[in-house]
Amino acid sequence: MPAPLALLRASTPAPPLRSRPARRTAMAMVTNVTSDDALAVHVTVSSNFDGGAIAGVESRANVRGAGVTAVHIKRDEGGAAMHFAFRAGNLRRGTKYQFALLGADRATYAEGWASSSYKVWASEDLENWFQVEDTTHPGEAKTGDEDEHPDALRWSIVANTTAVTFAYYPLYTAEQTARLCARAQSQAPDMCRWCPSVLPTAMSNVGADVLFFGSPPPHWPGYNQNSDANRPMIWIICRQHPGESQASWVAEGFVKKLLDEPGLAAVADIAVVPCINQGGASAGAHRHNLAGADLNRAWGAPNAATSPEVLACRAAVTARGANVLLDIHADESLPAVFRSHSAHGVPGISKDAMALRNRFDTELLKRCPDFQTEIGYTAPPPGKANTNICANWATETFPWALAACLEVPYGSVAHRPERGAFSPARCRELGVALVETLESILPHMNINNY
Ligand SMILES: [Zn+2]
């Protein structure tokens with residue numbers, strides 16, 4: 001049984017850069033409490049699971065307001081704080097519980113709580129996730145209950161089970177990735193090759209999985225020298241930023257569509273990386289890997305010490321080439337599904353390359369009602385794109401290719417508010433739409449360049 005931890009403050013010194021951070025199991029146990037706090041005192045809190053992320057449980061002595069269970073937001077090894085995930089236990093069915101995420105007002109993208117119409121996600125069975133309607137953003141007035149932590153993200157639930165898992169966005173764990181890949185190779189053994197833990201991750205032994213449809217790249221296990229060299233190559237890269245678990249849900253929809261209707265896989269080699277930053281994801285990081293690196297700023301000059309994920313993946317992409325490379329992300333603030341225009345500032349980007357991106361937009365608009373082209377990032381001036389960003393590096397390296405970064409929201413989509421949050425189901429729908437979109441534009445692409 002873990003030792004009771006009455007106080008694990010966010011100011012706990014960070015571990016040395018090169019040591020692997022220890023998992024923390026925090027139990028909200030204290031003694032000598034008033035009867036008003038009885039409910040909250042008996043709530044147990046744990047983040048000791050894949051993707052779990054809090055910096056600790058606040059001491060009852062410091063929690064203002066009876067009956068509130070307060071936890072501290074975690075900063076990852078690169079200092080980013082946004083993702084959180086913990087499990088509350090010992091709940092009594094039918095009883096209302098209040099929770100507070102302390103430090104949410106100082107989160108890296110704190111403006112995103114309000115601008116994305118954010119609501120906490122919760123799950124009782126770890127398969128189905130629902131949004132907590134009674135969610136209050138930092139700085140907003142809370143109605144009804146006593147409100148003693150106005151700077152925190154606050155929410156309440158009436159317990160229906162004895163334990164509930166809360167998270168920034170529905171988790172997509174390493175086990176889920178393994179199951180996705182395992183089912184694919186089992187369902188289509190002639191077409192799929194699962195390469196478990198084939199990409200190294202910094203300061204972690206978990207590795208990142210890659211699922212191939214068709215031949216892997218040269219020098220990789222299973223490379224088929226007799227494969228048709230004229231087959232186009234498609235790369236789907238997800239979760240460079242580990243707290244953006246939407247990307248893995250998109251990958252799931254993409255893979256299942258390929259298995260149901262293998263038309264695209266029949267004409268192209270496809271590599272799906274459901275979670276390239278598996279080390280950071282399993283440790284509950286939001287934006288960085290365990291060496292503190294932002295992988296999506298490492299593509300220009302990756303190195304074995306701080307960004308081995310990118311070093312290995314970039315080598316594979318370079319060896320095989322790319323006709324399509326989609327890098328899937330989530331934006332904490334913008335209520336939209338959009339293609340980043342960052343690559344438009346890549347030096348020398350051609351009119352053909354721009355036309356290809358416009359065609360992609362047009363075809364995806366037909367197939368994904370959540371996608372839109374009004375809200376998004378402003379393109380950098382011509383020639384000023386940061387080519388350390390994956391999609392920009394790929395745009396410069398493979399000028400004939402469709403290389404793009406896609407972003408999805410944490411809350412609702414602005415033009416479809418009636419649909420509620422951009423859920424995992426809608427992530428999967430986007431994945432399906434991407435397969436159909438690529439299938440429609442591939443015949444119009446010049447695939448003879450590698
Ligand atoms: Zn991202």
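I looked up glutamine 278 and its burial. Glutamine 278 counts as buried because its relative accessibility is 5% (buried is under 20% relative accessible area, exposed over 50%, partly exposed in between, with a 1.4 Å probe and protein chains only). I placed glutamine 278 in helix 6, residues 278-282 (helices are DSSP runs of H or I of at least four residues, strands are E runs of at least two, numbered from the N terminus). Leaving aside neighbours within four places in sequence, glutamine 278 contacts Asp50, Ala174, Thr177, Thr201, Val206, Gly207 and Ala208 (contact means heavy atoms within 4.5 Å).

I noted that this is a predicted model, where local features need pLDDT of at least 70, side-chain atom pairs count only at pLDDT 80 or more, and totals for chains, interfaces and linings use all residues. Residues are numbered from 1 along each chain as its sequence is written, and side-chain values use heavy atoms, with hydrogens and water left out.

Next I checked strand 10. I found Val164 and Phe166 buried on one side of strand 10 (residues 164-167), and Thr165 and Ala167 buried on the other. Strand 4 (residues 85-89) runs antiparallel to strand 10, joined by four bridges (strands pair if DSSP finds at least two bridges between them). Alanine 88 has valine 164 as its bridge partner. Strand 6 also pairs antiparallel with strand 10, over three bridges. There, serine 123 stands opposite threonine 165.

Last, I looked at aspartate 125. It sits in the loop between strand 6 (121-123) and strand 7 (129-131). Its C-alpha is 8.6 Å from that of threonine 165, 40 residues away in sequence.
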